[in-house]
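Please look over the sequence and the structure before reading on.

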Amino acid sequence: MNIYRQIYKEIKKNNKIIIVTHLRADGDCIGSAIGLREIIKNTFKDKDVKASYEYVGYLSYLGKCDEIEDKEFDEALIISVDNANITRANDKRILGHTNVIKIDHHPNHEPFGYINFVEEEKSSCAEMIFDFFMNIPNRKISLRGLEAIYTGIMTDSGFLKYNSVTGDTFKKIGMLYDMGVDGAKIRNMLDEVTIDELKFKGYVYEHMESTPNGVLYIKISPEAREKYNVEYDEASNMVGALANVKEHPIWVLINEYKKDEIRCRVRSLEIPINGVAQSFGGGGHALASGIVVKDYETVDKILEALDNLLKK
Ligand code: AMP
């Protein structure tokens, strides 16, 4: 039996389904969760299906997360989307459960769930959700679900730019358009910035620094965010502002959430950086990884390790 049929059968068997994602939500995890919820809700009319994800302002057009009581987890099939490590789940109530299916596109260092469906080569988890949709019988989905899948694919592929994108990814976007998604409308919502964010971008360009061999980085403190009136997530999204700078093939946005919690978003044009991320307790894709550390001494060690990659 193919994997789509297998997951379909498991959904069919369970009346209650809860979808969970990863911490520090992004377009792919929310898009995958809502996309899958809308597939299940519309294809199987009798299912009680809920999605748990963190609120992100710039994705609010996809709608609010469902309220889920603790006891609902006891009898539910839990489907984890876009999350490589169960300890990084946004909803810790998944821990200790065995009735779990993992659907993900990150390196599969920590398989979990009784079905572990991982396709590392896929541009996004939302692309996997779309494949699932196209491979099940009597499939139905709402426009909201299609928009969510579109959002997941577009945001995790750098708007169809990264090397994980294939002709097939483009075809899926074409099919989503044919099914009614207004890509321009969504793109405009995703691209919208505030004047404060624009000014903050100026701050990033003025304060970015480089290591000796060309790791471009910016350190963002809570005070800087406050001065420019930007939220933590908005500041985090500035990682793209450091991309494609000549002679700087690795770039890092360091965003201090609060004391003892400093998030490093590491990006690279072609040299894999997830080995360095893993050695500091983080992880992710070869060219897009994340690490959360407690202090700036560790941040400097990470920058040094990345700089060493360029020295080689
Ligand atoms: P981010 O910079 O947060 O967008 O992360 C880039 C990629 O690395 C995403 O696929 C994340 O899921 C993954 N990632 C981020 N932070 C961590 C972490 N602390 N541990 C493992 N993977 C992470």
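Predicted model: local features only at pLDDT ≥ 70, side-chain atom pairs only at ≥ 80, totals over all residues.

## Helix 2 and helix 3

Two packed helices are described by the angle between their axes and the distance between the axes. Helix 2 spans residues 27-43, and helix 3 spans residues 125-134. Their axes come within 8 Å and cross at roughly 15°. Angles under 35 degrees count as roughly parallel, so helix 2 and helix 3 are roughly parallel to each other. Helix 2 passes helix 3 in a left-handed crossing.

Asp-28, Ser-32, Gly-35, Leu-36 and Ile-39 make the contact from helix 2. From helix 3 come Cys-125, Ala-126, Ile-129, Phe-132 and Phe-133. By class, this contact of helix 2 with helix 3 has seven nonpolar residues, two polar and one charged.

## Helix 4 and helix 5

The axes of helix 4 and helix 5 come within 10 Å and cross at roughly 155°. Angles over 145 degrees count as roughly antiparallel, so helix 4 and helix 5 are roughly antiparallel to each other. The crossing of helix 4 and helix 5 is left-handed.

Helix 4 brings Leu-146, Ile-149, Tyr-150, Ile-153 and Met-154 to the contact. Helix 5 brings Thr-169, Ile-173, Leu-176 and Tyr-177. The contact of helix 4 with helix 5 has eight nonpolar residues, one polar and no charged ones.

A pair of aromatic rings is described by the distance of the centres and the angle of the planes. A search of the whole structure finds eight aromatic pairs. One of them joins Tyr-150 and Tyr-177. Their ring centres are 6.1 Å apart and their planes stand at 65°, so the pair is edge-to-face.

This pair links distant parts of the chain. Tyr-150 lies in helix 4 (residues 143-156) and Tyr-177 in helix 5 (residues 167-178), 27 residues apart. Are these two residues buried or exposed? Tyr-150 is buried, with a relative accessible area of 2%. Tyr-177 is partly exposed, with a relative accessible area of 42%.

## A ring pair between helix 7 and helix 8

Phe-200 and Tyr-228 also form an edge-to-face aromatic pair. The distance is 5.7 Å centre to centre, with 65° between the planes. Phe-200 sits in helix 7 (residues 195-207) and Tyr-228 in helix 8 (residues 222-228). The two residues are 28 residues apart, and the pair links distant parts of the chain.

Phe-200 counts as buried, at 0% relative accessibility. Phe-200, Tyr-203 and Tyr-228 form one aromatic cluster.

Note on methods
Residues numbered from 1 in each chain as written. Heavy atoms only, no water. Axes fitted to C-alpha atoms, helices over the stretch in contact; angles between N-to-C directions. Helix = DSSP H or I, 4+ residues; strand = E, 2+ residues; numbered from the N terminus. Parallel < 35°, antiparallel > 145°, perpendicular 65-115°, else oblique. Left-handed = near helix turned anticlockwise from the far one by under 90°. Contact = heavy atoms within 4.5 Å. Nonpolar A, V, L, I, M, F, W, Y, C, P; charged D, E, K, R; others polar. Phe/Tyr/Trp six-rings, centres within 6.5 Å; stacked < 30°, edge-to-face > 60°. Buried < 20%, exposed > 50% of the residue type's maximum accessible area, 1.4 Å probe, protein only.
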